[in-house]
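User: I would like to go through this model with you. Could we take it step by step?
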Amino acid sequence: MKQPQLGQRIQEWRKAKGWTQEELVEKCSLNVRTLQRIEAGEVSPRPFTIKAIMEALEINQEEMSSHSESTEPDDNRWFQLAFLAGTVYLLTTMVEFGLDFTFYGGEKVNGLLYASIKAIVMVGFSGFMWGFYKLGEKLNNKLMQISSALLAVGVLIFTSIDIYKFFILGNAMPEYLPIEAVVFGGMYVIFGLAFINERKQAGTLFLISGILGVVVGIGFLSVIFALPSLFILAVFEILCLVLLYQKGFQLEKSKFHNTTNTPQISKIH
């Protein structure tokens, strides 16, 4: 098993035991910075370093072999697809906002265009959140899995309601917008906390993203600040795209360099 897959698996096995990085290094005589670099896929450890880590984690050769390199492209592809879905969602939601603004203003909107944009938003956002469900799975972060799934379901429900109001009722019914704001506010608070929960292991970007997610959620919950919170939401979702990019495209790039330019990878004790 090569980097960055090896580092990811070590992180997963460590978290499955409920250990911090500090607890693991105490058991295998490493320093924290070394383990951080290994888990991040920045370096390729020597065989005896791998052996020490595996013994501390109580992982045998069969378990290591079961996570072969052949699964790595599939893992990376999930994040790549989620990144692309998120990009499509963010671009499309700008058009959606304009259409909703026109509809709520009582002006006429093309039905085919409205339905098409809403459908793209639903599919794009679902794919976007699927990436974070998979990320939560890798990080053993149940809160991220639950909140990303809830957000995907929430968008499916409320977008379907929008379509129903447009085609069946013919009325935007803006008086129900506060309900939608409160529901999504609670979801984004939970989603943001899931990022903050990973700050010690995953770094500053997770912390910043988490704080923005919580701020968005609180703004929606207040209802009064729901509209300005949409601008913060845009920044938060862009940071989410950056995280998926790092997990997908950069891991694929790292794999390419590992196989074509191995001298660039440092060997450490």
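User: Which helix is Leu6 found in?
Analyst: This is a predicted model. In it, Leu6 belongs to helix α1, which covers residues 5-16.

User: Is Leu6 buried or exposed, and why?
Analyst: Leu6 counts as buried because its relative accessibility is 3%, and buried means under 20%.

User: How far apart are the C-alpha atoms of Leu6 and Ser44?
Analyst: The separation is 8.5 Å, although Leu6 and Ser44 are 38 residues apart along the chain.

User: Stepping back, how many helices and strands are there in the protein chain?
Analyst: The protein chain has twelve helices and two strands. In sequence order the pattern is α-α-α-β-α-α-α-α-α-α-α-α-α-β.

User: What share of the residues counts as buried?
Analyst: Of the 269 residues in the protein chain, 45% are buried. The accessible surface of the chain is about 13700 Å², with 64% of that belonging to carbon and sulfur atoms.

User: And what share of the contacts with a separation of 6 or more is between residues 24 or more positions apart?
Analyst: Such pairs account for 75% of those contacts in the protein chain.

User: What is Phe128 in contact with, leaving aside its neighbours within four places in sequence?
Analyst: Phe128 is in contact with Ala82, Ala85, Gly86, Tyr89, Glu237, Cys240, Leu241 and Leu244.

User: Turning to the largest pocket, how much space lies in it?
Analyst: The largest pocket holds about 1200 Å³ of space. Its lining consists of 34 residues, and Thr93, Phe97, Asp100, Leu230 and Leu233 lie nearest its centre.

User: Which elements supply at least two residues of that lining?
Analyst: They are α6 (72-104), α7 (111-139), α8 (142-169), α9 (177-196) and α12 (226-260). The most comes from α6, with eleven residues.

User: How do the lining residues divide into nonpolar, polar and charged?
Analyst: The lining of the largest pocket has 25 nonpolar, three polar and six charged residues.

Methods
Residues are numbered from 1 along each chain as its sequence is written. This is a predicted model: local features need pLDDT of at least 70, side-chain atom pairs count only at pLDDT 80 or more; totals for chains, interfaces and linings use all residues. Side-chain values use heavy atoms; hydrogens and water are left out. On a 1 Å grid over the protein atoms alone, a cavity is a set of points where a 1.4 Å probe fits but cannot get out, and a pocket is an open set with protein on both sides within 12 Å along at least five of seven lines; lining residues have an atom within 4 Å of a point. Grid points are joined across faces, edges and corners, and a volume is the space filled by probe spheres set on the points. Helices (H or I, at least four residues) and strands (E, at least two) are DSSP runs, numbered from the N terminus. Ala, Val, Leu, Ile, Met, Phe, Trp, Tyr, Cys and Pro count as nonpolar, Asp, Glu, Lys and Arg as charged, and the others, Gly among them, as polar. Buried means under 20% relative accessible area, exposed over 50%, partly exposed in between (1.4 Å probe, protein chains only). Contact means heavy atoms within 4.5 Å. Accessible areas come from the Shrake-Rupley method with a 1.4 Å probe; for residues, only the protein chains shown count as cover.
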